[in-house]
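Thanks for making time this morning.

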Amino acid sequence: MFSWAFLFLIIAIVAGVLGLSGIAGAATNIAWVLFVVGIILAIIFAVVGRKPPL
């Protein structure tokens with residue numbers, strides 16, 4: 001998930017440098033959403049993965 005967020009962040013930076021503000025804005029929003037989803041999933045998996053031994 002974080003690799004996709006990083007990829008869209010790079011796309012946004014390149015598009016911003018080239019002056020493509022619409023594509024840069026969309027890629028930035030996608031990167032932000034993927035990053036937040038990745039953080040939420042990481043927290044959920046960390047909490048669920050901790051089970052007491054039987």
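Helices here are DSSP runs of H or I with at least four residues, strands are runs of E with at least two, and both are numbered from the N terminus. On that basis the protein chain has two helices and zero strands. Please keep in mind that this is a predicted model, in which local features need pLDDT of at least 70 and side-chain atom pairs count only at pLDDT 80 or more, while totals for chains, interfaces and linings use all residues. Residues are numbered from 1 along each chain as its sequence is written, and side-chain values use heavy atoms, with hydrogens and water left out.

As for overall dimensions, the C-alpha atoms fill a box of roughly 60 × 15 × 10 Å along the principal axes. The radius of gyration, taken over C-alpha atoms, is 16 Å, whereas a compact globule of 54 residues would be near 10 Å, by the rule of 2.2 Å times the number of residues to the power 0.38.

Which residues make up the largest nonpolar core? They are A5, F8, A12, A27, A31 and L34, where a core joins buried Ala, Val, Leu, Ile, Met, Phe, Trp, Tyr and Cys residues through side-chain atoms within 4.5 Å, and buried means under 20% relative accessible area with a 1.4 Å probe, protein chains only. Both α1 (2–18) and α2 (21–48) give two or more residues to this core. Of the 54 residues in the chain, 17% count as buried.

Key: Buried means under 20% relative accessible area, exposed over 50%, partly exposed in between (1.4 Å probe, protein chains only).
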